[in-house]
Amino acid sequence: MNKVKQQRNPVLLVHGIYDTGRVFDQMIPYLKQRGWTVYDLDLVPNNGNMGLDTLAQQVADYIDATFEPEQPVDLVGFSMGGIVSRYYVQRLGGINRVQRFITISSPHHGTWIAYCRDGIGCIQMRPDSVLLQDLNRDIGMLKQIDFTSIWTPYDLMIVPATSSQMPLGREVIVPVLNHAWMLTDSRSLAAVAEALATPVQQFKIPSGKLPSGHLQNSKFKNKQPSTTKYSVS
């Protein structure tokens with residue numbers, strides 16, 4: 001049996017609220033210098049006025065238009081972009097395309113800062129929102145892929161900061177003093193690169209759309225028995 005050649009997947013970066021793809025201007029060259037092909041997109045609108053589920057469709061459309069159907073991808077979502085990416089993975093079939101999924105300072109359980117605005121996207125990022133409850137109800141789906149949450153306990157945008165914690169996958173705590181610095185601090189960048197370099201089971205994605213949860217009982221399932229926690233000093 002021929003071994004599948006190990007190669008790095010293309011990486012798609014998804015930005016947060018009020019940002020564009022330019023927020024990754026330090027991360028992109030950092031990853032490119034280490035051998036990754038990196039892509040980013042601009043979510044429109046980026047101000048929280050549109051539902052995160054609708055923005056997730058933009059991610060789905062971008063991936064479908066940019067990559068061949070059989071090409072697996074790795075996904076990195078920052079802040080709101082992590083929840084947008086989760087919706088794509090868990091509700092729009094991304095579970096069948098994404099091999100590595102990294103969130104950086106994302107409000108997986110909501111943030112009190114989201115009460116500062118009334119846009120639907122902001123409402124969906126409030127603690128116990130309908131959208132977050134829906135995603136967290138079957139959070140176990142993420143065990144099918146290699147998942148990492150990178151966050152800082154000093155985050156003043158994700159309140160409480162522990163909202164970025166997840167009960168599965170890999171957890172990396174980086175003691176950065178500012179939400180935005182999570183995309184520029186050398187320790188955060190190194191944590192992203194390390195997560196992207198983690199070996200995972202190789203699989204070929206059949207052409208066409210696959211039903212949600214297709215890999216649930218597949219021999220290609222990447223098993224993650226529990227959260228693995230790391231702190232970076």
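**Entry 1: ground rules**

Buried means under 20% relative accessible area, exposed means over 50%, and partly exposed is in between (1.4 Å probe, protein chains only). With that in hand, I looked up Arg100 and Asp74, and both are buried.

I have to keep in mind that this is a predicted model, where local features need pLDDT of at least 70 and side-chain atom pairs count only at pLDDT 80 or more, while totals for chains, interfaces and linings use all residues. I number residues from 1 along each chain as its sequence is written, and side-chain values use heavy atoms, with hydrogens and water left out.

**Entry 2: how confident is the model?**

I checked pLDDT, the predictor's confidence in each residue from 0 to 100. The protein averages 88, and 85% of the residues score at least 70.

**Entry 3: helix H3**

Helices here are DSSP runs of H or I with at least four residues, strands are E runs of at least two, and both are numbered from the N terminus. H3 covers residues 80–91, which makes 12 residues. From first C-alpha to last I get 16 Å, close to the 16 Å expected at 1.5 Å a residue. That expected span is 1.5 Å times one less than the number of residues.

How many of the residues of H3 are buried? I found 11 of the 12, so to speak a mostly covered helix. Among them are Met80, Ile83, Tyr87 and Val89. What covers them includes strands S1 (11–14), S3 (73–78) and S4 (98–104), plus helices H2 (52–66) and H5 (130–137). Just after H3, I noted that Gly93 takes a positive phi of about 90°.

**Entry 4: salt bridges**

My rule for a salt bridge is a side-chain nitrogen of Lys or Arg within 4 Å of a carboxyl oxygen of Asp or Glu. By this rule I count 10.

Asp64 and Arg97 meet at 3.8 Å, N to O. Asp64 sits in helix H2 and Arg97 in the loop between H3 and S4, so the pair ties together parts 33 residues apart in sequence. Asp64 is partly exposed because its relative accessibility is 48%. Arg97 has 9%, so I put it down as buried.

Next came Arg100 and Asp74, with 3.0 Å from N to O. Arg100 is in strand S4 and Asp74 in strand S3, so this bridge links parts 26 residues apart in sequence.

For Arg91 and Asp138, the closest N and O atoms are 3.0 Å apart. Arg91 belongs to helix H3 and Asp138 to the loop between H5 and S5, so parts 47 residues apart in sequence are tied together. Arg91 is partly exposed at 27% relative accessible area, and Asp138 is partly exposed at 26%. Salt bridges that share partners join Arg91, Asp134, Arg137 and Asp138 into one network.

**Entry 5: a nonpolar patch**

Which residues form a nonpolar patch on the surface? I found Tyr154, Leu177 and Trp181, with about 370 Å² of accessible area together. Areas come from the Shrake-Rupley method with a 1.4 Å probe, and for residues only the protein chains shown count as cover. Patch residues need over 30% relative accessible area and no salt bridge; nonpolar side chains (Val, Leu, Ile, Met, Phe, Trp, Tyr) are joined within 5 Å, like charges within 9 Å.

Tyr154 is in the loop between strand S5 (146–151) and strand S6 (170–173). Its relative accessibility is 45%, so I call Tyr154 partly exposed.

Definitions and conventions: Contact = heavy atoms within 4.5 Å.
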